[in-house]
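Please examine the two-chain model displayed here before reading the commentary.

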Amino acid sequence: MLVIPCPYCGPRPELEFRYGGEAHIARPEDPSTLDDEAWGAFLYLRSNPKGLHAERWRHIHGCARYFNVVRDTISDTILASYKVGEAKPDMDALARILAGGPRAAAGEEKSK
Amino acid sequence: MSGAYRLPSGGRINRQKPISFTFDGKKYQGFEGDTLASALIANGVLLAGRSFKYHRPRGILSAGADEPNALVGVGRDQAHYTPNVRMTMQELYDGLVAESQNRWPSLMFDVGAINDMLSPFFPAGFYYKTFMWPRKAWDAFYEPKIRSMAGLGKAPTEADADRYSQRYAHCDVLVIGGGPAGLAAALAAAESGARVMLADDQPEFGGSLLAETEATIDGKSAIDWVAEMVAALKARANVTLLSRTQAFGYYPHNSIGLSERLTDHLANPPAHLPRERFWTVHAGEVVIAAGSLERPMVFPENDRPGVMLADSARIYVNRYGVKPGKRAVVFTAHDGAYRAALDLKKAGIEIAAIADLRHHPEGPLVEAAKAAGIDVLPGTSVTGTAGRLRVKSATLARIGADGSAMDERQVECDLVLMSGGITPSVHLFSQSKGKLRFDEHLKAYVPGRPAERERSAGACRGLYALSAVIADGFAQGEGAAKSAGFGGVTARTFAVAGTLESDPGSFLGAAPHGRDASRVKAFVDFQNDVTAKDIRLATREGFRSIEHVKRYTTTGMATDQGKTSNMNALGIVSEALERDIPEIGLTTFRPPYTPVSFGAFAGASRGDLFDPVRTTPIHGWAAEQGAAFEDVGIWKRAHYFPKAGEDMHAAVERECKAVRDSVGIFDASTLGKIEVVGKDAATFMNRIYTNAWTKLEPGRLRYGVMLREDGFVMDDGVVGRMADDRFHVTTTTGGAPRVLAHMEDYLQTEWADLEVWLTSTTEEWAVIAVQGPNARKVIEPLVEGIDLSPEAMPHMSVAVGKICGVPTRLFRVSFTGELGFEINVPADYGRAVWEAVFAAGKAYDITPYGTETMHVLRAEKGYIIVGQETDGTAVPDDVGLGWAVGKAKKDFVGKRSIVRDEFQKPDRKQMVGLLTDVPAEVLEEGAQIVADPKQPAPMTVLGQVTSSYMSSVLGHSIALAMVKGGRARLGETLYVPMPGRAIPVKVVEPIFFDKEGVRLNG
């Protein structure tokens, strides 16, 4: 079971959360200005990377808030957890921390 | 006395506590501290079961969790019966009842053993080849036959009467394994002040030290040292010790699954104890000190009872004080077996010879064996064994450089001890996604780079010498504590003496024997009856990947998951393909490490607690009235209220008529309810729903439609505006959580600037629907402070007042097409108000109705049910809800999608009504609709029936359907093909009753 760090409540077991898909996909300010292709891309195209992935989680059985997490989709290591509206972390820097092994990654996550 | 093979002294058994037990109906004696295996060995019994495929007699092979052969059924009755219990792990208790498996009529004489003679017909993958013809016979004959012949234990016939509990725990350092490395690791971590948990699968801690009689640690005997360590750990408040606890699974983020056995060793378990406790431990750091497994030698007839792992025999002698035999031949390729031979000899077992595959064995252990007068035969192999139910002799031969066998001779013995080396137990490390590394000298995989906050210690990472194992344990324990943020551990050394250092080198694969390889059975996997020949055959047939070889031959499968067999199988594949072992790979280690009871996984989730049930405040009343219930999501809803002698059809006919003619009462409490409040509530509603809300006045209701961003209908429901800044939203019964999550998603992540709060109020309100021409008359006398007249309170309005003295939000709304009210009252008052309304309605013969009648009534009016008419691909216009889309609104969720050209096409599936020619003919929901019933299959399908009922009020069946270009087909005849016929149906408007809505506004 993953242990997910909620930026409001702290680390909690995965059971308390609901996955929310890829993060940082903002709804266009005025959807009517998008052509079908651009709108389709907003609706359906997701990056699905093998590696670091910024994704949304909701602490549904806790504070009920949405927040963002950077997770390595290979090892499930969580490298960052931050509130909605905060900037996406430097993914290259996180990748370097991940390369340092699970303890380095845990230290990074703790210091957040 | 507990058996002729019991040694006069020694062992960790309590000779003051004799224990009686039965095996296959025969009574035996053992001692407290015995396992079922050691107690049977004490009685000279080694024959423990019959093999999976060939029904060959099999004996006890090991002394621990890796046992592949000695599996038995244990339990006093079927409600307390466990099949496939490893004898080596089953502690003895008074009155224990065990039986052997996979034999008939008896273990001694088993008819199924004919399979052994027929074995040329059962090579690897035989069921893919032999039973292919005729094709149909597979399902009818071959498969059931094979299934009944094969297999091990039988599942019990009664429900498990035991209780299982589950528990979560957190610690800074979890140590897995309580042997020398684990104890030292736990001590080091404990001294740092970290919260430590130590789990071990045995009843007492000590691991390999429980069978250590020679070594001393810090001047103490191994067993005294263990006792001291355990006492030191027990004395600390920051340490939790779990014995009889198997760490079976390593899951992400250092979540470890532990299975603790609490009562399997007790004759009379106290009632308060669960049988097992399932732990989920979240550990900061993990130290795996899982030890190692001994590897069998693969040689012809190596499966005869009396063939045993060398170190296991040593454990039986030293730990349990029993002799596995009287005269042993030892077959090995490394030094460990010499230690066993020496210990056995000391216990009075004659060692006929040590056959060592190595041509030049040397070192202190070899010298010690020679000095003890043991006949050491270098470059020698065991090329076969003889004996029916027990080994009588072994054949030894010198092996030439070319692998040929010379100077064969038979040696009488009742025990053959084998040891191909040690395999570090890397299962948990591998489960944690850590990378394994192949160690050429050990010929085994050892842990490489970890993927979790984990470290391996001792034998499970390939260390062999006791001094190194203990030192490593302490160092890893200290390291783990430090990584978890704890320090200050005083450095410590442990002085180990009395053991002879040995070479852990080893042998992998099949030993040379010089016999016809196509005729001998040299077993690799004992539990699945897989021989070296089978594995070579698989490689000849083209299997290259070890994962494929595993699945084709079944090596490494079943309850032991190849603990003793995987490495030898790899060795044989490597040799056959002439490729290095790392190139062949390794099968994936998956949890559980050892079998875990289903009961432990289920925990309390059984019976009534298996699936939670939601009931409404009025549920009890409906149950008392004899209502039939149906499941809607996890809700229990009254389906219909049958009177004596009525079936569903008759009850629904009566209920429908009552609503249309007078008045009915319906429990609508399951409707999802969300209170939307705040300065920007109307703005929020405008963006979430297709409808326009700005102009809806307080006191009015509106039917709202909600889309997903892709434009498809997601949910619907009536919404009341209670105030400028407050909406009472209702959702479908099943959709409530989804709708709230959808709203929260937009509110929190897209429109965080809006001042709106969302609160689920589903369970705050009981909802009593009173529907029918007499509805107003029924409730009028009960209502205070609300003018119910049509002028003051028209259809689609809401008022706040009191009913029966209870505060209410009274909706004038209808899902039946009749004059109707939905009385919202606080849930605690739901039943009282319901009963008051029901009593007041007696004068009008008020009739309770259920969901089936609700469905018929709404279908007569053409009201859709989201999820029944819609299937996630319908836009509002498809189901006739185009009118509910606010055209003037600049944006709402789904708007950009529904204006796409695709959704304007006239041939989209549209909702229509269908009428059959024969009034009594009720179409099947889900049935397909075609234009030409004579078209050969595959037919061109135009759509499907979504709702279909008998309408007793209309005297005709009615149906709703989604049909391509349906609205342009009004009046056409289409067909619903059914087996043997096609039912003609007329396409009509999807509203069958009171088209003008006169009754609604009554």
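The paragraphs below begin with the conventions and then turn to the structure.

The model is predicted: local features need pLDDT of at least 70, side-chain atom pairs count only at pLDDT 80 or more, and totals for chains, interfaces and linings use all residues. Residues are numbered from 1 along each chain as its sequence is written, chains are lettered from A and ligands numbered from 1 in the order in which they are written, and side-chain values use heavy atoms, with hydrogens and water left out.

Chain A contains three helices and six strands; helices (H or I, at least four residues) and strands (E, at least two) are DSSP runs, numbered from the N terminus. Their order from the N terminus is β-β-β-α-β-β-β-α-α. Along the principal axes, the C-alpha atoms of chain A fill a box of roughly 45 × 30 × 25 Å. Of the 112 residues in chain A, 44% are buried, where buried means under 20% relative accessible area, exposed over 50% and partly exposed in between (1.4 Å probe, protein chains only).

The contact between the chains (heavy atoms within 4.5 Å) takes 34 residues from chain B and 34 residues from chain A. About 2700 Å² is buried between them, with carbon and sulfur atoms giving 48%; this area is the accessible area (1.4 Å probe) that two parts lose on being put together, summed over both. B:His253, B:Gln748 and B:Arg896 supply 26% of the area that chain B buries against chain A, more than any other three residues.

Six salt bridges are found across this interface, each defined as a side-chain nitrogen of Lys or Arg within 4 Å of a carboxyl oxygen of Asp or Glu. One of these joins A:Arg27 to B:Asp891, with the closest N and O atoms 2.8 Å apart. On the side of chain B that touches chain A, strand S15 (276–288), strand S28 (454–456), helix H20 (736–749) and helix H24 (895–898) each supply at least two residues. H20(B) gives the largest share, six residues.

Elsewhere in chain B, helix H5 (residues 180–191) has twelve residues, which should span 16 Å at 1.5 Å a residue, and its end C-alpha atoms lie 17 Å apart, which agrees; the expected span is 1.5 Å times one less than the number of residues. Eleven of the twelve residues of H5(B) are buried. The buried residues of H5(B) pack against several elements of chain B, including strand S8 (164–176), helix H6 (222–234) and S15. Just after H5(B), B:Gly193 takes a positive phi of about 95°.
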